[in-house]
Amino acid sequence: MQNTLRSSAIFEGTGLHSGAAVRMIIRPAPANHGVWFRRTDVEVGNGLIPARWDVVETSPLCTEIVNGEGVAVSTIEHVMAALAGCGVHNALIEIDGPEAPILDGSSVPFVRGILSVGLRRQNARIRAIEVLDTIEVKTPSGWARLSPSAEPSNGLEMSFEIEFADAAIGRQEKRLSLANGTFVRELSDSRTFCRASDVDAMRAAGKALGGTFENAVVVDGDKVLSPGGLRHADEAVRHKMLDALGDLALAGAPILGLYEGHKAGHAMTNALLRAMFAKPGAWRLVTCDPMTAASLPGAGVESDEIPQVAVA
């Protein structure tokens, strides 16, 4: 069955790219509502924005959604991943600015907040998107692919590969089934990362203005500059998988299939969703039976599975 939150979860922090203070509240919502954002600081016009693939604006550094009146919310991928990874299907997210708080750069503060208020089961079955045909998008630097699973009841499987010149990251690859709380245990605490050599360029472009060593992993060659080092030896590829789950959650329903990414990012994953929905017969909407529902990323997640990291 579908889930929403038992009560509201409140998060306060700073936007990674804007550097602005922001307060965000995830509120319960009715069955079949889906996930929507509402800009509470917008006094004139429509502040509601659906968390949906077809309202995404292309951005290499974050995921931004924009409604028909130009009202936007950016850097939503970490909270979207937390919602999907905790099994929340319906929520209204109120936010008083144009960017979600970065907190510690991962999804784990959102996971902690969601699970601390708990979930409420609703009187509606979960519907999921079953991938029926292989869809692939490519750029000169990488590719992303969605393909059918051997069994739909496998849920979502993910394989990712990255490669950076900095030896602190290098080449990393990982493959996971996201069933049985894997997201919370294995991916949720992995933080966003960047190369020290890119920081000045990002700030000159008006990005990363709220970035610190406490909310991002910064590397320089073979050195990790952020205090405390890495949470995982392969934290970078784990974070890429976290981002991918958040971006795939914009499909509007859990995906049953295999996602593969090679040097992929936000724009490529969104292009992949657009290509899938544009191809008749490449997918179908199914009502989940108990076995399939039990394979979804948020099924059966418990608070004691949250990685033990410092509170942001």
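Strand 3 (residues 21-28) and strand 9 run antiparallel to each other and pair over 5 bridges. Both belong to a predicted model. Within this pairing, Ile26 faces Ile93 of strand 9.

Strand 9 has another partner. Strand 4 (residues 35-39) pairs with strand 9 in the parallel sense, again over 5 bridges. Here Val35 has Ala91 of strand 9 as its bridge partner. Strands of a sheet can pair in either sense, parallel or antiparallel, through backbone hydrogen bonds.

How covered is strand 9 (residues 91-95)? It is mostly covered, with 5 of its 5 residues buried.

Strand 7 (residues 64-66) is joined to strand 8 by 3 bridges. Glu64 has Ser74 in strand 8 as its bridge partner.

**Aromatic rings**

The model holds 5 aromatic pairs. A pair of rings is described by the distance of the centres and the angle of the planes. Two of the pairs involve Phe277:

| Pair | Centre distance | Plane angle | Type |
|---|---|---|---|
| Trp53 and Phe277 | 4.7 Å | 20° | stacked |
| Phe277 and Trp283 | 5.0 Å | 80° | edge-to-face |

Why is the Trp53 and Phe277 pair stacked? Planes under 30 degrees apart count as stacked, and these planes stand at 20°, so the pair qualifies. The planes of Phe277 and Trp283 are at 80°. Angles over 60 count as edge-to-face, so that pair takes the other label.

Trp53, Phe277 and Trp283 form one aromatic cluster. Trp53 and Phe277 are both buried. Phe277 has 19% relative accessibility. The limit for buried is under 20%, so Phe277 counts as buried. Trp283, at 29% relative accessibility, counts as partly exposed.

**A charge over a ring**

One further contact involves a tryptophan. The charged end of Arg145 sits over the ring of Trp143, at 4.3 Å from the ring centre.

Note on methods: Residues numbered from 1 in each chain as written. Predicted model: local features only at pLDDT ≥ 70, side-chain atom pairs only at ≥ 80, totals over all residues. Heavy atoms only, no water. Buried < 20%, exposed > 50% of the residue type's maximum accessible area, 1.4 Å probe, protein only. Helix = DSSP H or I, 4+ residues; strand = E, 2+ residues; numbered from the N terminus. Pairing = 2+ DSSP bridges. Phe/Tyr/Trp six-rings, centres within 6.5 Å; stacked < 30°, edge-to-face > 60°. Lys NZ or Arg CZ within 6 Å of the ring centre and 35° of its normal.
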